[in-house]
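Welcome! Here are a few exercises to work through with the sequence and the model side by side. Try each task yourself before you read its solution.

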Amino acid sequence: MAEPLAESGRRRGLSAGSHLLVQAGEYVCALPLRSVRRVLRALTVHPLPGATDELKGLAEFGGEPLPVLELARLVGAPPGAKPAYPVTIVVWVGPQDARELVGLAADAALEVSEVQLTSVVAGNGGFILGEALVDGEVVRVVNLEALGGDL
Amino acid sequence: MSPAPTPVDHRGFLLVRRDGVLWGVANGAVEGITRHGARFRLAVGGTELGIDEVVGVVPELAVWPLTGALRRFWPDVAGGLAVHAEAPLVIVDPRRLPRALQIADAPESSKGEVADAEGRH
């Protein structure tokens, strides 16, 4: 069985600033690596009637139902080219004491990179914590805690 | 889904499909099934729900509660979520029926053959 990314990352000395960079439409988004449980080839998703545009539907992951959200929609990214190898990133969302698993549909998983939270600016108060520069490129740091829990 | 599933319900569930979505209804909550042409109407909680296909009956399902992330983006109501044969499904709460299964125009006069959840007529 594949090793959870966060666990392998700790063993390799990755820090709390380690983020998984993913392509979502025309945006590159950064997901805190400690919240990433698995990166999978895009799961089969069953749409739910009446769902908002952000919710692609339900998938099965490890024998359990998993809501799958469209990351590009969540962060308001303009649509990009049709992805060659779309992925589903299974992440923990919500506050630490009430976290839950969701899948994030993205165009590609790119790399693990350091994003210092002190360098993040201009958050929108929602699902984007803010923006940061990584190797000269703007990335949107996603606030996964804001995704879970009750409204 | 991170919260633990509820204990298995040994009474079984009727599995139905509507618009490509798989739904599960506890057998004890099914009051009848009526055929309407190629489709069906399922009586639950004193109301008829529209369904496209009766998939079958399963003896048990582990049911997970709806999580906050799902409720945030799906305003309908349900009794929980489950998985059967690697397919996710939504559990109907007979006390709060989902809008997605309700019939827009349900005349009382067009009832057909009636059977209960175990196929008795």
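**Exercise 1: A sheet in chain A**

Strand β5 (residues 64-70) of chain A and strand β7 (residues 100-106) of chain A run parallel and are joined by 3 bridges. Keep in mind that this is a predicted model. Your task: find which residue stands opposite Glu70(A), and in what order the strands of the open sheet lie.

*Solution.* 
- Step 1. Start at Glu70(A): opposite this residue stands Ala105(A), in β7(A).
- Step 2. Now widen the view to the open sheet in chain A: its 5 strands follow the order β3-β6-β7-β5-β4, with mixed pairing.
- Step 3. Look at the edges, where β3 (36-41) and β4 (55-61) of chain A stand; each has a single partner strand, so one side of each lacks a neighbour in the sheet.
- Step 4. Finally, follow the twist, which averages 30 degrees from one strand to the next.

**Exercise 2: The largest nonpolar core**

How many residues does the largest nonpolar core have, and which have the most contacts inside it?

*Solution.* 
- Step 1. The core has 82 residues, and Cys29(A), Leu71(A) and Val75(A) are those with the most contacts inside it.
- Step 2. Strand β6 (residues 87-93) of chain A supplies the largest share of this core, 6 residues.
- Step 3. Pick Leu71(A) and set aside its neighbours within four places in sequence: its contacts are then Val22(A), Ala24(A), Cys29(A), Leu104(A), Ala105(A) and Ala106(A).

**Exercise 3: Where the chains meet**

How many residues of chain B are in contact with chain A, and how many of chain A with chain B?

*Solution.* 
- Step 1. On one side are 24 residues of chain B, in contact with 28 residues of chain A.
- Step 2. On the chain B side, the elements giving two or more residues are α1 (68-73), β7 (80-84) and β8 (87-91).
- Step 3. The largest share of that side, 5 residues, comes from α1(B).
- Step 4. Sorted by class, the side of chain B that touches chain A has 15 nonpolar, 4 polar and 5 charged residues.

How values were computed:
Residues are numbered from 1 along each chain as its sequence is written. Chains are lettered from A and ligands numbered from 1 in the order in which they are written. This is a predicted model: local features need pLDDT of at least 70, side-chain atom pairs count only at pLDDT 80 or more; totals for chains, interfaces and linings use all residues. A nonpolar core is a set of buried Ala, Val, Leu, Ile, Met, Phe, Trp, Tyr and Cys residues joined through C-beta atoms within 7 Å. A residue is buried if 20 or more other C-beta atoms lie within 10 Å of its own, exposed if 12 or fewer, and partly exposed in between; C-beta atoms are placed from the backbone. Helices (H or I, at least four residues) and strands (E, at least two) are DSSP runs, numbered from the N terminus. Two residues are in contact if their C-beta atoms, placed from the backbone, lie within 7 Å. Two strands pair if DSSP finds at least two bridges between them. Axes are lines fitted to C-alpha atoms, for helices over the stretch in contact, and angles run from 0 to 180 degrees between N-to-C directions. Ala, Val, Leu, Ile, Met, Phe, Trp, Tyr, Cys and Pro count as nonpolar, Asp, Glu, Lys and Arg as charged, and the others, Gly among them, as polar.
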